[in-house]
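Welcome, and please open your viewer. This tour goes from stop to stop, telling you what to select and what you will find there.

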Amino acid sequence: MPAPLQTTRRSLLVLSAALSSLALTAPVALAAPIPTPAPTPTTSATATTTPSPSASSSVTPTATPPANMSSVGGTRLAMAGTQVNLTAGVPVLPKDVTARSWIVSDAESGAVLAAHNAHWRLPPASTLKMLFADTVLPKFPKTTEHKVVAADLAGMGAGSSLVGIKEGESYTVHDLWLGVFLRSGNDAVHVLSHMNGGVAKTVSDMNAHAQDLQALDTRVVTPDGYDEPGQVSSAYDLTLFARSGLQKKDFREYCSTVSAKFPGETTKKKGKSVRGTFDIQNTNRLLSGDSDVSVYPGIAGVKNGNTTNAGATFTGVAERNGKVLLVTVMNPEKDEHNEVYKEAAKILDWGFQADGKVQPVGELVAPKNVPQASAQPGATATGEAGGDTAAKPSASSAASASEEDAGSGGVGIALAIVGGLLVLLAGGVFLVNRRWPLPDLVRRRPRP
């Protein structure tokens, strides 16, 4: 095709995407009220109402899904119940999925393949740490060291998950983020929050960033996801957090790391100060595996959580045959060991089987304010810790990077993921026809 025709065709595609984005991402406050849908085989309705996405101080999760929820991403996603276009050739959804809310989407295009109560505002547990990381991670280079003081560890909720940070010891930012992602350490979250100016400021930053991402179901009360009245998010919003975070090289590294060495306490041996280490392993069972859960093929993160109010929550990203899917599952009603991972795996399996056959029911919207980026395929994305921009690494260079980092396992996976994931165009339009492949390194890495 002659160059002028290629340019014209690309311009038309981008213009079309822009118009679609504007139609689907209009602020909820400006949208016309959505009528209560009549019950259908794929949509159930109740009379329950929920606060608007812009509500702030009195957000409380509902006991049943509201009949009408936020319409961000499309009107189908505002409806209660399962939303999917089961036309000829589309595989049937797994019948034994019991999660109160779930969503599966194409990470590259943002197309929502299917969803169930996607905008139901529920307690998020530690999956909220994805928003924490996406907000705070770019502010500190990973080599920055911080000596922990008592105030850094104050105010954590009773029974918090901890990585084992000790007052008086120094940790690098790299250490702290490994503690956040692998052990879901609330102590690591609080130390990083104090480095960021305090818990209150970090909560404010997270709420502001959620608004920028158009994650309007979310209200942050604690940066670590610990149960607090009024702290809510949704499967849709958690997916937005993951999608945004995965554009950052360091985020990809941490969320895909399977195991690592973490600094221990300093002791005296033969008159010398010696600091040992101890092993930590990622609690994402689709990444690390367990007695009743296999490592999911192509998995590369993202984050899991579990609290009394939230139950089990999980957001994951996986690749198969060049297609990358995101899944979020919130609070399965089936009370079995590792149920959230089992249901997430079933939904991912369906998504890969339905790829190219099912018509989307909505989309993952672009952030309100996106950075200027090149529209050329293969362009790199900014947003790494310390503000650096990395070029797209090859699988071989990623393997070398993994070997050099002897303190952690699985780091090379994330380093090998394309640096230009989901490159954004100015004005909030995702680049048309981009590829977001995970390299072969993901599929051939040793399994635990």
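**Before you start.** This is a predicted model, in which local features need pLDDT of at least 70, side-chain atom pairs count only at pLDDT 80 or more, and totals for chains, interfaces and linings use all residues. Residues are numbered from 1 along each chain as its sequence is written, and side-chain values use heavy atoms, with hydrogens and water left out.

**Stop 1: the whole chain.** Colour the chain by pLDDT, the predictor's confidence in each residue, from 0 to 100. The mean is 78, and 69% of the residues reach 70 or more. Over residues 371-407 the pLDDT is below 50, and this stretch has 75 contacts in the model beyond near neighbours in sequence; a contact means heavy atoms within 4.5 Å. Residues 410-448 also have pLDDT below 50, with 138 such contacts.

Now switch to a cartoon view: there are 12 helices and 14 strands. These are DSSP runs numbered from the N terminus, with helices (H or I) of at least four residues and strands (E) of at least two. Of the 448 residues, 55% count as buried, on a scale where buried means under 20% relative accessible area, exposed over 50%, and partly exposed in between (1.4 Å probe, protein chains only).

**Stop 2: the nonpolar cores.** A nonpolar core is a set of buried Ala, Val, Leu, Ile, Met, Phe, Trp, Tyr and Cys residues joined through side-chain atoms within 4.5 Å. Select Ile-165, Trp-177, Phe-181, Tyr-236, Phe-241 and Phe-251, which have the most contacts inside the largest core, a set of 64 residues. Helix 3 (residues 173-183) gives the most to this core, with seven residues. Apart from it lies another core, of 32 residues, including Val-84, Val-97, Tyr-341 and Trp-350.

Zoom in on Phe-181: not counting residues up to four places away in sequence, Phe-181 touches Ala-133, Phe-251, Tyr-254, Cys-255, Asn-282, Val-302 and Lys-303.

**Stop 3: helix 4.** Select residues 186-195. How many of the 10 residues of helix 4 are buried? Nine are, among them Asp-187, His-190 and Met-195. Their cover includes helix 2 (129-136), strand 4 (145-147), helix 3 and helix 5 (199-212). After helix 4 comes Gly-197, with a positive phi near 110°.

**Stop 4: the largest pocket.** Select Gly-305, Asn-306, Thr-307, Gly-311 and Ala-312, the closest to the pocket's centre of its 35 lining residues. Strand 8 (299-307) supplies the largest share of the lining, five residues. Strand 9 (311-320), strand 10 (323-332) and helix 9 (339-354) each supply at least two.

**Stop 5: backbone spots.** Most residues other than glycine have a negative phi, and most peptide bonds are trans. Look at Gly-301 and Val-302, joined by a cis peptide bond with omega about 25°; Val-302 sits in strand 8.

Next, select Asn-321, in the loop between strand 9 and strand 10. Phi of Asn-321 is near 55°, a positive value in a residue other than glycine. Asn-331, in strand 10, has a positive phi near 55°. Is each one buried or exposed? Asn-321 is exposed, with a relative accessible area of 76%, whereas Asn-331 counts as buried at 15%.

Definitions and conventions
On a 1 Å grid over the protein atoms alone, a cavity is a set of points where a 1.4 Å probe fits but cannot get out, and a pocket is an open set with protein on both sides within 12 Å along at least five of seven lines; lining residues have an atom within 4 Å of a point.
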